[in-house]
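Colleague: I am new to this structure and would like to go through it with you, one question at a time. Could you show it first?

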Amino acid sequence: MLGFFLTTLTTALSLLIVDLTVPGVDINTFPAALLAAISIGLVNAFVKPVLSLLSLPVTFVTLGLFSLVVNGVCFWLASLLVPGFAVHGVLAIVLAPVVLSFTNTFLSQYFAEKGVGQSLAK
């Protein structure tokens, strides 16, 4: 349970950074970022595998670049589910998941090196 909470918190922080860096992504409040993080997780768990399977031929032909579009569509779908989280424009739909991924990886690695999960579990 602690791992889920830390992952959600890290994703919410990453979303706030995406809000600051990518034009077209708007997050109103921190609770909206937390709900958006949960929404992105659920969309990636249930919708993304279906979209990835359906778009497999196109992804194969484009040498994997179409997966950026699939990620963007999932990001946009998650924004439809959460009030206070909006994505506007093609640039935001394609660029925001990439920035989110890099930021989330960096923050997760940083927190792991600082031992945040272990110190909270004690």
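Colleague: In what order do the elements of the protein chain run from the N terminus on?

Modeller: This is a predicted model, in which local features need pLDDT of at least 70 and side-chain atom pairs count only at pLDDT 80 or more, while totals for chains, interfaces and linings use all residues. Residues are numbered from 1 along each chain as its sequence is written, and side-chain values use heavy atoms, with hydrogens and water left out. Helices (H or I, at least four residues) and strands (E, at least two) are DSSP runs, numbered from the N terminus, and the protein chain has seven helices and two strands. From the N terminus on, the order is α-β-α-α-α-α-β-α-α.

Colleague: What is the radius of gyration of the protein chain?

Modeller: The radius is taken over C-alpha atoms, and the globule rule is 2.2 Å times the number of residues to the power 0.38. For 122 residues a compact globule would come near 14 Å, and the value for the protein chain agrees with this, at 15 Å.

Colleague: How are the rings of Phe-75 and Phe-85 arranged, stacked or edge-to-face?

Modeller: Rings of Phe, Tyr and Trp (its six-membered ring) pair if their centres lie within 6.5 Å, and planes under 30 degrees apart count as stacked, over 60 as edge-to-face and the rest as tilted; by this rule there are two aromatic pairs. Phe-75 and Phe-85 are both buried. Their ring centres are 5.4 Å apart and their planes stand at 85°, so the pair is edge-to-face.

Colleague: Where in α6 does the kink lie?

Modeller: Helix α6 (residues 90-114) has 25 residues and reaches 36 Å from its first C-alpha to its last, close to the 36 Å expected, the expected span being 1.5 Å times one less than the number of residues. The bend at a residue is the angle between axes fitted to the seven residues ending there and the seven starting there. In α6 a kink of about 25° comes shortly before the proline Pro-97, at Ala-96.

Colleague: Is Ser-55 buried or exposed?

Modeller: Ser-55 is found in the loop between α3 (48-54) and α4 (56-61). Not counting residues up to four places away in sequence, Ser-55 touches Phe-66 and Val-70. With a relative accessible area of 8%, Ser-55 is buried.

Conventions: Buried means under 20% relative accessible area, exposed over 50%, partly exposed in between (1.4 Å probe, protein chains only). Contact means heavy atoms within 4.5 Å.
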